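Hello,

Here is the structure for your files. My notes on it follow below.

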Amino acid sequence: MFGLLGPNGAGKSTLVRQLTGLLRPDSGRIDILGHDIVRRPERASRLLAYLGQESTALDELTVSLAVETTARLRGLSAAAARAARDAVLAELALEPLAGRPLAKLSGGQRRLACFATALVGERPLLVLDEPTTGMDPVARRAVWAAVDRRRAEQGVTVLLVTHNVIEAETVLDRVAVVDEGRVIACDTPGGLKALVDGDVRLDLVWREEAPLGLPLIAALGARAVRNGRRWTVRATPDEARDLVAEVTSGPAFAALDDFSLTTPSLEDVYLLLGGRHEGLAR
Amino acid sequence: MSAAVLAPRSALLPSLGAVYRAQLSRARVARIPLLFVATFQSLGIMVMLRGVVSTGSGGSARDLEAARAVVAGSTVLVVAFVALNLLAQYFGRLRATGGLDHYATLPVPAASVVLGTAAAYASFTVPGTLLTAVVGCALFQLSWVHLWVLALVVPLAGAALAGVGAACGLLASRQEIATLLGQLGMSAALLLGVLPPSHMPTPIQWLRDLLPSTYGVEALARTFATHPDWAAVAADLAVCAVVGVLSLALATRAYRRAATRM
C-alpha cells in the first residue's frame, strides 16, 4: 500500500489523473505493471480500478445498480456482475442501502457505495483518491478490511491519495510526501518519522488570549506555529518537559485551556521537509 | 519483469445495454418532473392553438394543414425537449463535474456510453409523444390510423436530436453553454416546428429545413393524410437516420476528447 500525502492543491490528483490515463503528462514515463501508460493510456482501465472524488455519474442510480453496472462495464458477464455485486454489498454491509439512490445517501454512505464500485471486477491495482472522506469509523474499518483482504488474497497493490496524517501512518507501507507538484520525500512512515526523531511537539490551547505579558510566553510565541488559540512548538524532549513544567506551574496556567505532548507525526515530517502549507488533517 | 495480464475490454453491445439500463432507471429517480414538463408544454401549445385553427367540416384546407403541423410539431417537440435539451444538459453537467471520469476509467467503448445514454433519453420521450399525439388527434379531429408511424419517428428523430444534444453537451466548454445550446435547440424546434411552413417567410423556411426535428415533424404530419405519400415519409425518416448517425458519431468523438481532457 503506497500513499501520496499532501495538502489540497499539492498535485496529488493531477498525478493520479495521469496514472489512470485521464491526463497525458507533458513529459516523463508512466509504467504500470509492465505497461507504458503514456503511450497506451487506454490500458490503464484494464489494469486498475479508480475511485475518484466525484460521483455524479452514479448519483441517480441505486447502490445495487451502480455496482452492477460498473461491473458490467469492467467486462463482467451479466451473471458474474450480479454475483460480484451481491458479494461486495455483503462484504461492505451495504445491503440495507442497496435499493436507495446514491444521491439520497449521506456523504459517508455514498462514498462507501462508490468504493464498492471500485472493488467489482478484480484489478491488480486499486487507485483510491480519499476513499474514506466523510465516513464513520464503522465504514472506515469496512474499507480497510476489504482492502487488506484483497492484498492478502490477490496480492493487490493499492495507491492511496490522502491528506489525512493518521490514516497515512496507520495503513501505508510507503508514502510519498507531495508539495506543490513535487515529491519532497518518499519512505516508510517510520523511516520518514525518523527524520524528525528526537523532537516532540507541544500543543498549547489558550482559553482566550495568550498571556503575552509573561516573558516566557512571549518568547514561546515567537517560535510557535499559531493557529487561532492553538500554539504548536517543536522541541527536544528535555526542553519540552521544562516548558510544560514552566507553563503549568506559573501564572500562564490560568490562561491555559489544554496542552498535549506528542511524538512526531508525518505532519511534522511534512513541515520539516519544507512543506509550505498547513492543510494536512489529523 | 513480465507485464501484467490486461483484463478484457467490455464489448460494445453488452456495455451499451448496461449503460442503457442504468440510464433508464434514472427516470424513476430524477427525470419524472421534467418529463411531465415536456409533455405539458406540448399539450399546452396544442390547446392554445386549437383556439385559432378550425377543424372538421368547418375548416379550410389551410386549417387542415395547420392542424397537422401543430399536432406533429407538438409531438416531436417532446422529443426535442428531452433528447436534445435534457441530454445536452446532462452531458454538460457530467463533463463539468468530472462525472465522465467514472466511464473514462472503465474499459468501455465510447460509443457504448454515448449510444446507451442517447437511447435512454430517446426512450424517455415515448410516453410523452404518445400522449401528445393521441390528445392532438382528438383535439384537431385528425386520423389515428397511421399513428403507428410514431414507432419509427420517435427512434429516428430521437437518434437525430439525441445525437445533436449529446454533441452539444460534450463539446461545450462550460456547463452553462451546454444548457444554453440545449435550450436554444429546443426553442428552435418549438418556434419552427409547430406552425405550418407555408405560413413562414422563405428565409425562415430555409432555417426550418436545417433543423433535424423538421424531418420528424414532416414525416408525422404527412401520415395524417387520408392517403399518405409514403415515399416522402420514408425520405423524411431517412434524413433523420442520416443526421442521427452523423451526430452520434460526432458525439462519440466529442466524448473521447472530453473524457481525456485536462
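Nonpolar cores

In the largest nonpolar core, which has 153 residues, the members that touch the most others are Ala116(A), Val70(B), Ala80(B), Ala83(B), Leu87(B), Ala118(B) and Tyr121(B). A nonpolar core here is a set of buried Ala, Val, Leu, Ile, Met, Phe, Trp, Tyr and Cys residues joined through C-beta atoms within 7 Å; buried means that 20 or more other C-beta atoms lie within 10 Å of the residue's own, with C-beta atoms placed from the backbone. Helix 2 of chain B (residues 61–97) supplies the largest share of this core, 22 residues. Helices are DSSP runs of H or I, at least four residues, numbered from the N terminus. Apart from this core lies another of 8 residues, including Ile217(A) and Trp231(A).

The model is predicted: local features need pLDDT of at least 70 and side-chain atom pairs count only at pLDDT 80 or more, while totals for chains, interfaces and linings use all residues. Residues are numbered from 1 along each chain as its sequence is written, and chains are lettered from A and ligands numbered from 1 in the order in which they are written.

Chain contact

28 residues of chain A are in contact (C-beta atoms, placed from the backbone, within 7 Å) with 32 residues of chain B. Helix 3 of chain A gives the most to the side of chain A that touches chain B, with 5 residues.

Helix pair in chain B

Helix 5 (residues 150–171) and helix 6 (residues 175–193) of chain B pack at about 155°, with axes 8 Å apart. Helix 5 of chain B is therefore roughly antiparallel to helix 6 of chain B (angles over 145 degrees count as such; they run from 0 to 180 degrees between N-to-C directions, and axes are lines fitted to C-alpha atoms over the stretch in contact).

Regards

Terms used:
A residue is buried if 20 or more other C-beta atoms lie within 10 Å of its own, exposed if 12 or fewer, and partly exposed in between; C-beta atoms are placed from the backbone. Helices (H or I, at least four residues) and strands (E, at least two) are DSSP runs, numbered from the N terminus. Two residues are in contact if their C-beta atoms, placed from the backbone, lie within 7 Å. Angles under 35 degrees count as roughly parallel, over 145 as roughly antiparallel, 65 to 115 as roughly perpendicular and the rest as oblique.
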